[in-house]
Amino acid sequence: MHLSRRNFILKSVATGAGLGLLEYLPAIARPADGKRVGIIGLDTSHSIAFTKALNAATPDPVYDGYKVTAAYPQGSKDIESSAKRIPGYIEEVKKLGVKITGSIQELLAETDVILLETNDGRLHLEQALEVFKAGKRMFIDKPVAGSLSDTIAIYNAAEKYKTPVFSASSLRYIKGLENIDKAKVLGADTYSPAVLEKTHPDFFWYGVHGVETLYTVMGTGCKSVTRVGTPNTDIVVGIWGDGRTGTFRGTRTGKHDYGGTVFTEDGNKVLGPYAGYEPLLVDIIKYFKTGEMPVTPQETIEIFAFMEAADESKRQGGKSVMLESVLNKARKSAK
């Protein structure tokens, strides 16, 4: 019986599966052009979580067929807790059908959109510039950069290359936010772990999660911050231009947890528990499809200015520091 070319291929695949060739099936089911996701940095668990969600045997339809097809593994070289993960994470993503590339340029040639996942924010500006020059949409995981000046430089580059970029913590999607009318928020207290990493400003490495939760409910407009700290805990008080106050508590002992209280005209609302990575990934895919940023550059830059001002308050013995002062200094360095 004569077989069409299509039927012959299908029959061959079915036969091959029985001969131990099932490993080749992911290549047959590759996503259409425009939906090939590339990852930069396999030194964070986020890379694995995103790949497992997108490359699942039956992925959630909300991800619209986007799949991780290639990854450039190099992340931090001198942060041991990150660098030691890379060999194991390479093997994990390879099992999910992901090709490992030898350079960012090779990755860019084989993918359409990018997840910049390198845990070390100090590398982000250099890595992001390669992506911008290729004109590809990119999500940058926390921290967006290793300094406020690099943060500003990344958004300047996005404007220069006319390529929108999105960055956020998954704590922006913590449970409880869906029940809050942000127009009625009078203030908020949030908390998260604030584990320190000597290569980064104090809150950039981990405290960013709780600070982003604070900004998610308060919005932009913080004018000054004051920081009080001990070896185990930091408390940062922000004063917004409209008179509202927001505080962030960063902890380094006890059980890690995330949450907060939002004070509204209708009463107090509790934030938590953590909602996982999926809500963030949904917004990432929407951004990849539309180019619309779920979080404005202004807000992301102010989040990092808030944390930098908190560090400056520490250096000055707990004095109040204006955000505009650290922003002006960083803008000069970013040029």
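Strand E5 (residues 138–140) pairs with strand E6 in the parallel sense, and three bridges connect the two in this predicted model. Within that pairing, Met138 has Val165 of E6 as its bridge partner. The pair belongs to an open sheet of six strands with parallel pairing, ordered E3-E2-E1-E4-E5-E6. Strand E3 (99–100) and strand E6 (165–167) stand at the edges with a single partner strand each, so one side of each has no neighbour in the sheet. Helix H7 (residues 124–134) lies across strand E1 (36–40), strand E4 (113–116), E5 and E6, and runs at about 170° to E5.

Strand E2 (residues 67–72) of the sheet contains Thr69. This residue is buried, because its relative accessible area of 16% falls under the 20% cut-off. Apart from neighbours within four places in sequence, Thr69 is in contact with Pro31, Arg36, Val37, Gly97, Val98, Lys99, Glu110 and Thr111.

Ten of the 13 residues are buried, so H8 is largely enclosed by the rest of the structure. The buried residues are Leu148, Ser149, Asp150, Thr151, Ile152, Ala153, Ile154, Tyr155, Ala157 and Ala158. Their cover includes H7, E5, E6, H11 and helix H12 (323–334).

Helix H11 (residues 297–315) holds Phe304, which is buried with a relative accessible area of 4%. Not counting residues up to four places away in sequence, Phe304 touches Pro143, Val144, Ala145, Leu148, Thr151, Phe204 and Val208. Two of these contacts, Leu148 and Thr151, are among the buried residues of H8. Phe304 and Pro201 are 103 residues apart along the chain, while their C-alpha atoms are separated by 9.9 Å.

Val208, another contact of Phe304, is among the buried residues of helix H9. Helix H9 (residues 208–218) is mostly covered, with eleven of its eleven residues buried. Just after H9, Gly219 takes a positive phi of about 75°.

**Packing of H3 against H10**

Helix H3 (residues 45–54) and helix H10 (residues 278–290) pack at an angle of about 70°, and their axes are 11 Å apart. The two helices are therefore roughly perpendicular to each other. On the H3 side the contact is made by Phe50, Ala53 and Leu54, and on the H10 side by Leu280, Leu281, Ile284 and Ile285. By class, this contact has seven nonpolar residues, no polar residues and no charged residues.

**Antiparallel pairing of E8**

Strand E8 (residues 222–229) pairs with strand E9 (residues 233–240) in the antiparallel sense over seven bridges. A hairpin of three residues joins E8 to E9, and Gly229 has Asp234 of E9 as its bridge partner. E8 is also joined by two bridges to strand E13 (residues 321–322), again running antiparallel. In that pairing, the bridge partner of Ser224 is Met322 of E13.

**Backbone exceptions**

Most residues other than glycine have a negative phi, and most peptide bonds are trans. The table lists sites that depart from this pattern.

| Site | Backbone feature | Location |
|---|---|---|
| Lys142 to Pro143 | cis peptide bond, omega near -15° | Pro143 in the loop between E5 and H8 |
| Gly272 to Pro273 | cis peptide bond, omega about 0° | Pro273 in the loop between strand E12 (267–271) and H10 |
| Asp64 | positive phi of about 55° | loop between H3 and E2 |
| Lys162 | positive phi of about 55° | loop between H8 and E6 |

Asp64 is partly exposed, with a relative accessible area of 29%.

Methods
Residues are numbered from 1 along each chain as its sequence is written. This is a predicted model: local features need pLDDT of at least 70, side-chain atom pairs count only at pLDDT 80 or more; totals for chains, interfaces and linings use all residues. Side-chain values use heavy atoms; hydrogens and water are left out. Two strands pair if DSSP finds at least two bridges between them. Helices (H or I, at least four residues) and strands (E, at least two) are DSSP runs, numbered from the N terminus. Contact means heavy atoms within 4.5 Å. Axes are lines fitted to C-alpha atoms, for helices over the stretch in contact, and angles run from 0 to 180 degrees between N-to-C directions. Buried means under 20% relative accessible area, exposed over 50%, partly exposed in between (1.4 Å probe, protein chains only). Angles under 35 degrees count as roughly parallel, over 145 as roughly antiparallel, 65 to 115 as roughly perpendicular and the rest as oblique. Ala, Val, Leu, Ile, Met, Phe, Trp, Tyr, Cys and Pro count as nonpolar, Asp, Glu, Lys and Arg as charged, and the others, Gly among them, as polar.
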